[in-house]
Amino acid sequence: VCNNSWGPTVPPSTLDFHDRHCDYLVRNYLDTFTTVSGNHSSYVSWMSYNDITVGGVDAQNTEDWDDDAMSTFTGYIDPTGTDRELPNVAGDANSIESTLEGGSPWIGSFGSASGTSYSTPAVGAQCVNMIMRNSTLNTWPEIVKAIVMATALNNVEGASRLSDYDGAGMVDALAADKMANGLTNGGRQWAGITVNSGSFPYEHTFNVEEGELVRVVICWDSNPSGPPDYTTDPLEADLDLYVLDSSGSSVGSSTSTDGSYEIVEVTATESANWTMRVTAPTFNGTTEYMGFCYWTGNLRTDSYEQIYRIYPPESYDNFVFPSTTYWQAFAAKNSDETENISVRLYDNSRFDNPADVNLLETSNYSSGEVDFVLIDRNHAPSGNYYSAVAPSSGSDNYRALHAGWTANVVEGTYGPY
């Protein structure tokens with residue numbers, strides 16, 4: 001990962017030498033680049049196609065998303081005469097403390113302590129963490145970019161899908177780590193493929209859960225000329241993205257002309273298999289590297305339907321279940337009696353505003369025991385509740401079950417009692 005916390009003082013309105021050089025390194029050397037949108041409230045400093053351009057957010061030094069606001073200095077004006085939307089994402093850029101030169105106290109305010117030169121390396125560090133989780137990402141900057149955008153869940157301004165100042169949103173490192181580290185809904189939720197003109201329409205099926213936010217992103221590259229001048233930087237493919245529901249009807253599309261990514265955001269109206277469809281209105285090159293990611297939120301559980309899962313990753317398996325007027329319970333148990341997991345109960349999704357997420361209870365019995373949490377709906381608020389299965393020791397599969405009404409428990413059914 002290469003971070004660029006610098007850029008022109010007066011940005012041009014189109015790509016310059018450094019943009020083309022950056023695009024060349026991403027495509028040909030497989031490096032992920034993070035670049036600043038700039039501190040001049042004007043054109044974005046970096047207009048490269050293949051990088052991750054990062055804007056600035058004033059997070060007010062709180063964990064609460066509700067008081068976040070765009071940094072007044074962040075660059076946001078897009079390349080002239082195009083429908084491109086930059087920056088791609090945004091990060092924390094105000095009142096930053098960092099490491100200092102010259103010795104003790106080592107950490108403090110450095111320089112102005114504000115600027116996209118701070119938000120950008122933070123996003124770069126997030127990319128490094130993702131690569132540490134899964135080494136495949138080390139040679140697929142297109143996937144890295146897709147994950148970063150798909151998991152930018154904190155909408156600071158404008159449309160949550162995509163807008164002028166924060167792009168796809170402010171980055172959410174917890175969600176990005178989950179994408180890189182774990183299997184949210186029964187399979188890896190990202191991939192990279194080499195495509196040619198005969199690859200389209202390209203389709204990929206994935207599972208969604210009713211009521212959960214779905215974000216699908218595809219990214220590909222421009223194909224710049226090489227050193228020493230990097231004189232041209234053509235975007236040889238124009239790809240369009242469609243998301244289809246279980247009946248084959250389109251529930252969202254993204255069909256820009258001049259950019260190298262597409263993003264669809266929609267809330268699922270059913271628990272079913274959906275399809276990502278990519279078409280190529282234009283494909284003038286030989287091959288392209290296309291990375292994609294689909295964020296589908298939490299796994300929904302239905303009463304008395306056993307769930308069989310692989311051992312949970314460090315980023316947990318995350319579930320959601322509705323709370324009826326009766327007692328509710330969620331339980332999990334390792335298949336191997338000598339191994340152990342734990343169950344945690346939250347009042348909101350771990351991927352929502354952190355200020356609104358509270359850990360209500362934890363069950364961490366010893367190996368071979370059933371871990372479970374209970375909700376007394378005679379007193380507990382109505383609405384959805386969220387459980388997480390966390391690793392403790394071992395590597396074997398586990399079973400989980402949600403029970404919605406004690407009177408419905410049949411003798412012999414595995415689960416809470």
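Colleague: Which element gives the most to the lining of the largest pocket?

Modeller: That's α2, with three residues. A pocket here is an open set of points on a 1 Å grid over the protein atoms alone, where a 1.4 Å probe fits, with protein on both sides within 12 Å along at least five of seven lines; lining residues have an atom within 4 Å of a point.

Colleague: What sort of model is this?

Modeller: It's a predicted model, where local features need pLDDT of at least 70, side-chain atom pairs count only at pLDDT 80 or more, and totals for chains, interfaces and linings use all residues. Residues are numbered from 1 along each chain as its sequence is written, and side-chain values use heavy atoms, leaving out hydrogens and water.

Colleague: Back to that largest pocket: how many residues line it, and which lie nearest its centre?

Modeller: There are 20 in the lining, and Trp65, Met170, Val171, Asp172 and Ala173 lie nearest the centre of the largest pocket. The elements giving two or more residues to this lining are α2 and α4 (173-181).

Colleague: How do the residues of that lining divide by class?

Modeller: Ten are nonpolar, four polar and six charged. Charged means Asp, Glu, Lys and Arg; nonpolar means Ala, Val, Leu, Ile, Met, Phe, Trp, Tyr, Cys and Pro; the others, Gly among them, are polar.

Colleague: Zooming out, how many helices and strands does the protein have?

Modeller: Four helices and 24 strands, taken as DSSP runs numbered from the N terminus (H or I, at least four residues, for helices; E, at least two, for strands). The C-alpha trace of the protein spans about 75 × 60 × 35 Å along its principal axes.

Colleague: Where do Pro87 and Pro228 lie?

Modeller: Both are in loops: Pro87 between β4 (69-70) and β5 (89-92), and Pro228 between β10 (213-219) and β11 (237-244).

Colleague: What about Gln60, is its phi positive or negative?

Modeller: Positive, about 60 degrees, although Gln60 is not a glycine. Gln60 is found in the loop that runs between β3 (52-58) and β4. Most residues other than glycine have a negative phi.
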